Amino acid sequence: MRKIVLTGAMFIATVMIVIGQSDYKMMELVYLKPIPGVDLDEAVKAIADHNKKFHAEEPFKATVWSNLTGSMVGTWVWVMYPGTFTDYDGRPGGKDHDGDWDKAVLPYFTLVANEYWKEDDKLSYYPEERKDGDKVVFTVFDIKPGESYRFKALLKKVHEVYKEKAYDRNFSVYYNQFENKCGRDVAIEVMFDKWAFLDEDHSMKNDFEEVHGEG
């Protein structure tokens, strides 16, 4: 009983902290797995039409991505950004929206997971002339209990390198807003436009030591 009470108290405290801040940005990720044999062209059109009707503008703007690697490989991910929990009180809903969502999703997909990732604007880096693209490396970290402060300290140093060296790529940091058993605690996002980006000889190690010292 004691463990249940403490867990509940910690969960409530976490939610209160999030709700008390309304100036952040958050991604809602809905992972969908195509049903074998469905017409994917029809699925693309159905979701695109839904987004145009109900999710064309911020803070409820939505896009769809395809996962090519990792634990979610083979799924599509519907992304709504940059709404907050407070915004969600006015999010698209009701009979028209929900009925249209069912028509756009249920015939083509099964739901795999739903996540909410809050962006850390202090540790994230966005250059003035940023190079976005239609490809993303979304790296997810499992943080050991009690080690979050050390991980954040490291991310702060990396952010300083990006800023000092004026990198032309983003370095976006997100925190999963709810407890999960999959070790998906912190995510780092880097966007790029060409696959050749992954073959480039990135100089982070040398740049890091120039900024913070050898080792």
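This is a predicted model: local features need pLDDT of at least 70, side-chain atom pairs count only at pLDDT 80 or more; totals for chains, interfaces and linings use all residues.
Trainee: Where does Tyr-167 lie?

Mentor: Tyr-167 sits in the loop between α4 (148–165) and β6 (172–176). Residues are numbered from 1 along each chain as its sequence is written, and side-chain values use heavy atoms, with hydrogens and water left out.

Trainee: Why is Tyr-167 called buried?

Mentor: Let's set the value against the cut-off. Buried means under 20% relative accessible area, exposed means over 50%, and partly exposed is in between (1.4 Å probe, protein chains only). Tyr-167 has a relative accessible area of 17%, so it counts as buried.

Trainee: Which residues is Tyr-167 in contact with, leaving aside its neighbours within four places in sequence?

Mentor: They are Tyr-125, Pro-127, Val-161, Tyr-162, Ser-203, Met-204 and Asp-207. Contact means heavy atoms within 4.5 Å.

Trainee: What makes the sheet open, and in which order do its strands stand?

Mentor: The order is β2-β3-β1-β4-β6-β7-β5, with antiparallel pairing. At the edges, β2 (62–66) and β5 each have a single partner strand, so one side of each is left without a neighbour in the sheet. From one strand to the next, the twist averages 30°.

Trainee: How do you know that β2 and β3 pair?

Mentor: Two strands pair if DSSP finds at least two bridges between them. There are 5 bridges between β2 and β3 (residues 76–80), so the pair qualifies, in the antiparallel sense. Ser-66 stands opposite Trp-76 in β3, and Thr-63 stands opposite Val-79. β1 is also joined to β3 by 5 bridges, and these two run antiparallel. There, Val-30 has Trp-78 as its bridge partner.

Trainee: What makes β3 largely enclosed by the rest of the structure?

Mentor: 5 of the 5 residues of β3 are buried, so the rest of the structure largely encloses this strand. Trp-76, Trp-78 and Met-80 are buried on one side, and Val-77 and Val-79 are buried on the other, so both faces are covered. Helix α2 (residues 40–54) lies across β1 (26–34), β2, β3 and β4 (109–119), and runs at about 5° to β3. For such angles, axes are lines fitted to C-alpha atoms, for helices over the stretch in contact, and the angles run from 0 to 180 degrees between N-to-C directions.

Trainee: Why do Asp-49 and Lys-45 count as a salt bridge?

Mentor: Side chains of opposite charge can pair when their charged atoms come close. A salt bridge is a side-chain nitrogen of Lys or Arg within 4 Å of a carboxyl oxygen of Asp or Glu. Asp-49 and Lys-45 are 2.8 Å apart, N to O, so they meet that cut-off. Both lie in helix α2, 4 residues apart, about one turn of the helix.

Trainee: Which parts does the pair of Lys-53 and Asp-100 tie together?

Mentor: In the salt bridge between Lys-53 and Asp-100, the closest N and O atoms are 3.0 Å apart. Lys-53 lies in helix α2 and Asp-100 in helix α3 (residues 94–105), so the pair ties together parts that are 47 residues apart in sequence. At 57% relative accessibility, Lys-53 counts as exposed, whereas Asp-100, at 14%, counts as buried.

Trainee: How many salt bridges does a search of the whole structure find?

Mentor: The search finds 9. One of them joins Glu-209 and Lys-205, whose closest N and O atoms are 3.6 Å apart. Both residues lie in helix α5 (residues 204–212).

Trainee: Which residues make the nonpolar surface patch?

Mentor: Leu-68, Val-137, Trp-195 and Leu-198 make a patch of about 400 Å². Val-137 lies in strand β5 (residues 135–141). Patches are made of residues with over 30% relative accessible area and no salt bridge; like charges are joined within 9 Å, and nonpolar side chains (Val, Leu, Ile, Met, Phe, Trp, Tyr) within 5 Å. Accessible areas come from the Shrake-Rupley method with a 1.4 Å probe, and for residues only the protein chains shown count as cover.
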